Amino acid sequence: MISSQGTRGFRAYTAKHLDELLGRAGFDGDTRLRVRAVATVLPFRTNAYVVDELIDWSAIPDDPIYRLVFPQEDMLPEADVSRLADLLRQGAPAAQLNAAANEIRMRLNPHPAGQLELNVPRVGLETVQGLQHKYPETVLFFPKQGQTCHAYCTYCFRWAQFIGEPDLKMASDDIGRLVSYIGDHPEVTSVLLTGGDPMIMGESVLRRYVEPLLQVEQIESIRIGTKSLAYWPARFVTDPDADATLELFAEVVRAGKNLAFMAHFSHPRELESPIVEEAVRRIRDTGAVIRTQAPIIRSINDSAQTWAGMWRRQSTLGMIPYYMFVERDTGPQDYFAVPLVDAYEIFRDAYAQVSGVCRTVRGPSMSATPGKVCVDGVTEIAGQQVIMLHFIQARDPELVGRPFFARYDPDAVWLSDLRPAFADRFPFEQGLEATPLARLSA
């Protein structure tokens with residue numbers, strides 16, 4: 001029996017429970033062992049709400065929520081899985097198993113898009129820990145106590161935060177340093193608290209990070225990136241500090257800041273529970289705005305009907321569809337990635353099925369090294385078939401909104417797979433060291 005945690009009624013399941021949980025699906029011992037092998041490389045965590053309320057165990061292994069949170073044995077190369085499974089079968093020491101897992105992890109691009117090399121600012125020669133500053137007006141902050149989640153998505157691009165390697169983790173509890181950094185950079189108007197999931201923190205801890213930001217006049221918006229509405233909506237309804245958390249949200253709004261709740265929904269089933277509807281209503285009653293986003297993921301939500309249904313439901317509940325992302329170039333990208341051309345067709349077909357109130361959504365968008373690149377479609381120019389793109393956001397603000405073109409490639413899944421059309425190089429291929437933000441943070 002898996003024990004309860006605290007008084008919240010929240011029960012977390014981790015890798016040590018994986019074999020027990022997989023038994024519900026009727027998998028044989030060898031299959032369970034190979035799934036456990038994958039979980040030595042990619043982190044696994046879920047909870048009783050997801051397992052009991054969201055997963056249809058009669059539809060395993062094709063159930064989308066099951067695939068969303070449980071490792072699959074073919075997420076990694078067969079040779080790697082077999083090697084790890086053999087070590088598990090032999091009862092290899094933990095150090096040996098972890099060394100083998102780390103070797104595989106380093107091949108999976110644990111920190112994509114320059115997260116550690118390009119995004120972490122410096123003051124003099126010292127890096128500012130737990131902070132990223134990729135775009136001039138926006139700072140990302142990783143609160144130390146918020147670097148886990150109620151459950152992990154199998155496609156998570158921040159999986160390296162959860163594997164226990166200090167050199168790969170971004171986190172800080174120095175809110176004073178954040179406030180000081182913002183004060184030194186008047187171009188910063190928005191702070192995004194991210195993780196992990198900041199809503200894993202109790203109200204008293206969350207307040208320690210939020211309250212100081214309310215005194216910073218230049219900040220116009222505070223964003224909270226979270227999957228909690230999908231994975232633990234009780235956080236805003238029945239948890240002991242739910243009311244206090246909502247009061248904190250209301251204080252942000254009363255302080256004249258826009259509070260944007262960046263809710264991550266991957267599949268319409270996550271929106272079906274009545275407690276989600278109640279949680280959304282309570283959050284919106286504080287004056288916060290809920291915007292929704294998720295990547296398009298093969299075998300989970302790679303259909304226009306899925307996205308159209310999700311956007312309509314979100315809009316009905318008063319949320320604002322915001323982004324369809326492209327799966328990032330990290331972790332098991334090869335397993336989950338949808339070709340860019342296919343992603344655009346899915347986006348377009350879904351967009352055509354919804355009313356104007358849902359057409360606030362943007363995408364498919366890649367959060368790549370130079371910025372957020374949106375795929376705008378496929379067309380023919382001067383007899384050449386091309387992919388049209390533009391920057392929604394960029395390290396170099398001069399690139400924002402400017403269209404550019406790539407040669408048509410039906411197999412490309414990421415910006416780095418594309419080749420420029422009508423030019424020798426893309427407009428962003430000028431050397432990142434020369435961008436305004438790189439100079440600003442030097």
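User: Which residues of helix 5 and helix 6 meet?

Analyst: Happy to start there, and bear in mind that this is a predicted model. From helix 5 come Asp80, Arg83, Leu84, Leu87 and Leu88, and from helix 6 come Gln96, Leu97, Ala100, Ala101, Glu103 and Ile104. By class, that contact has seven nonpolar, one polar and three charged residues.

User: What makes helix 5 roughly antiparallel to helix 6?

Analyst: The axes of helix 5 (residues 78–90) and helix 6 (residues 94–105) cross at roughly 170 degrees and come within 10 Å. Angles over 145 degrees count as roughly antiparallel, so helix 5 is roughly antiparallel to helix 6.

User: Where is threonine 40, and what does it touch?

Analyst: Threonine 40 sits in the loop between helix 2 and strand 2. Not counting residues up to four places away in sequence, threonine 40 touches Leu84, Leu88, Leu97, Ala101 and Arg105.

User: Why does threonine 40 count as buried?

Analyst: Its relative accessibility is 16%. Buried means under 20%, so threonine 40 counts as buried.

User: What makes helix 8 roughly parallel to helix 10?

Analyst: Helix 8 (residues 203–210) and helix 10 (residues 242–254) pack at an angle of about 15 degrees, their axes being 9 Å apart. Because angles under 35 degrees count as roughly parallel, helix 8 is roughly parallel to helix 10. Their crossing is right-handed. In this contact, Glu203, Leu206, Arg207 and Val210 of helix 8 meet Ala244, Thr245, Leu248, Phe249, Glu251 and Val252 of helix 10. Those residues divide into six nonpolar, one polar and three charged.

User: Which residues of helix 10 are buried, and what do they pack against?

Analyst: Ala242, Thr245, Leu246, Leu248, Phe249, Ala250 and Val252 are buried in helix 10. They pack against helix 8, strand 8 (221–226), strand 9 (258–264) and helix 11 (274–285). Just after helix 10, glycine 256 takes a positive phi of about 90 degrees.

User: How do you know that the span of helix 14 agrees with its number of residues?

Analyst: At 1.5 Å a residue, the 12 residues of helix 14 (residues 340–351) should span 16 Å. The end C-alpha atoms of helix 14 are 16 Å apart, so the values agree. The buried residues of helix 14 are Leu340, Val341, Ala343, Tyr344, Ile346, Phe347 and Ala350. Their cover includes strand 10 (289–296), helix 12 (304–316) and strand 11 (320–326).

User: Why is methionine 324 called buried?

Analyst: Methionine 324, in strand 11, has 0% relative accessibility. With the limit for buried at under 20%, methionine 324 therefore counts as buried. Leaving aside neighbours within four places in sequence, its contacts include Ala343, Ile346 and Phe347, as well as Gly363 and Pro364.

User: What is the peptide bond from glycine 363 to proline 364, and where is proline 364?

Analyst: That bond is cis, with omega near -10 degrees, and proline 364 lies in strand 12. A cis peptide bond also joins isoleucine 60 and proline 61, with omega about 5 degrees. Proline 61 is in the loop between helix 3 (48–54) and helix 4 (64–69).

Conventions. Residues are numbered from 1 along each chain as its sequence is written. This is a predicted model: local features need pLDDT of at least 70, side-chain atom pairs count only at pLDDT 80 or more; totals for chains, interfaces and linings use all residues. Side-chain values use heavy atoms; hydrogens and water are left out. Axes are lines fitted to C-alpha atoms, for helices over the stretch in contact, and angles run from 0 to 180 degrees between N-to-C directions. Helices (H or I, at least four residues) and strands (E, at least two) are DSSP runs, numbered from the N terminus. Angles under 35 degrees count as roughly parallel, over 145 as roughly antiparallel, 65 to 115 as roughly perpendicular and the rest as oblique. A crossing is left-handed if the near helix is turned anticlockwise from the far one by less than a right angle, and right-handed if clockwise. Contact means heavy atoms within 4.5 Å. Ala, Val, Leu, Ile, Met, Phe, Trp, Tyr, Cys and Pro count as nonpolar, Asp, Glu, Lys and Arg as charged, and the others, Gly among them, as polar. The expected span of a helix is 1.5 Å times one less than its number of residues. Buried means under 20% relative accessible area, exposed over 50%, partly exposed in between (1.4 Å probe, protein chains only).
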